Amino acid sequence: MKESVLKGRPELAAVIEQVAEVAGYLWQKGWAERNGGNITVNVTEFMDEECRTMPAIASPRQIGKVLPNLRGKYFYAKGTGKRMRDLARKPMENGAIIRICDDCQSYEIIADAPVAPTSELPSHLALQDYLIGSGSCYKATLHTHPIELVAMSHIKCFLQPGEMTHVLWSMIPETLAFAPLGIGIVPYTLPGSVQLADATLKLIKDYDVVLWEKHGTVSVGTDIMDAFDQTDVLCKAANIYMCARSMGSEPEGMTDEAMKEVQDVFNLPKVRPC
């Protein structure tokens, strides 16, 4: 049996172990039914010379668009049809490491097995291309189905610009502190489409978490745990809102003055610094 690319590469192994840990959290929270969700992490910095000369183990596949900043870059990507609960136990059997080809519009799988990425890979790679091109320190993208946030996207008033962010920030001070950019919203668009990728890319320039209406979220972070935390913080606020509503009245929330006080005292940035 072929030796895993993780053997003898502790830093790469640590990244994949963190991916597996987050996959387990997604399943436990009910955010990853069946094969739902996707994870992509830039692992280029952990690829040594031996990795870079590894031959492809499957024919190159088209991305669907040209991504010039990704030439020669390497990513761990969850496999199509694979379950997060399985990825949590065996990440290299339910995902693979891919290399972007020199044409910047196709990729090839190099390790460990020919596990093809999901149809949402173009969206994730487009985000990765933007992150690299903008000099961001973010390396990870996460797509998942957080129940409370998706539920709120079914309520028309929350789809108005800034409305959901304002409600979530007002539920608990930590939401404002740990998710200072709030949440962007993409109107319902066909999953896996180029249109969805383009709409997400437009919003990710201003938000770390983007909600796909009636579908799920996409978040970015310095690593996959950071991307998970961003979504988790916002979902906690949504859960508090829904719990308060279940008591029979509209929750009051923090006042604008109270939220401004939090922003001023903690000197919250308009963008998260790397």
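This is a predicted model: local features need pLDDT of at least 70, side-chain atom pairs count only at pLDDT 80 or more; totals for chains, interfaces and linings use all residues.
1. Where does Met254 sit in the chain? Met254 belongs to the loop between α9 (224-246) and α10 (256-265). Leaving aside residues up to four places away in sequence, Met254 touches Trp169, Ser170, Ile172, Pro173, Met259 and Val262. If you have the structure open, those names are a handy selection to display around the Met254 side chain.

2. Met254 and Gln105 are 149 residues apart along the chain, and their C-alpha atoms are separated by 47 Å. For scale, the C-alpha trace of the protein chain spans about 60 × 35 × 35 Å along its principal axes.

3. Now to the overall build. The protein chain has 10 helices and nine strands. Why does a radius of gyration of 19 Å agree with a compact globule? With 274 residues, such a globule would have a value near 19 Å, and the protein chain has 19 Å, so the two agree.

4. Contacts and burial come next. Among contacts in the protein chain with a separation of 6 or more, 72% are between residues 24 or more positions apart. Of the 274 residues, 51% are buried.

5. Strand β1 (residues 38-42) deserves a look of its own. Five of its five residues are buried, so β1 is largely enclosed by the rest of the structure. Asn38, Thr40 and Asn42 point one way from the strand, while Ile39 and Val41 point the other way. Both sets are buried, the Asn and Thr side as well as the Ile and Val side.

6. Which strands does β1 pair with? One partner is β6 (residues 140-144), joined in the antiparallel sense over four bridges; here Ile39 stands opposite Leu142. Another is β3 (residues 74-78), also antiparallel, over three bridges; in β3, Phe75 is the bridge partner of Asn42.

7. Last, the surface and the charges. The protein chain exposes about 12800 Å², and carbon and sulfur atoms supply 53% of that area. There are 27 positive and 34 negative charges in the protein chain, and the mean positions of the two sets are 6 Å apart.

How values were computed
Residues are numbered from 1 along each chain as its sequence is written. Side-chain values use heavy atoms; hydrogens and water are left out. Helices (H or I, at least four residues) and strands (E, at least two) are DSSP runs, numbered from the N terminus. The radius of gyration is taken over C-alpha atoms; the globule rule is 2.2 Å times the number of residues to the power 0.38. Buried means under 20% relative accessible area, exposed over 50%, partly exposed in between (1.4 Å probe, protein chains only). Contact means heavy atoms within 4.5 Å. Accessible areas come from the Shrake-Rupley method with a 1.4 Å probe; for residues, only the protein chains shown count as cover. Lys and Arg count as positive and Asp and Glu as negative; His and the chain ends are not counted. The place of a charge is taken as NZ of Lys, CZ of Arg, CG of Asp or CD of Glu. Two strands pair if DSSP finds at least two bridges between them.
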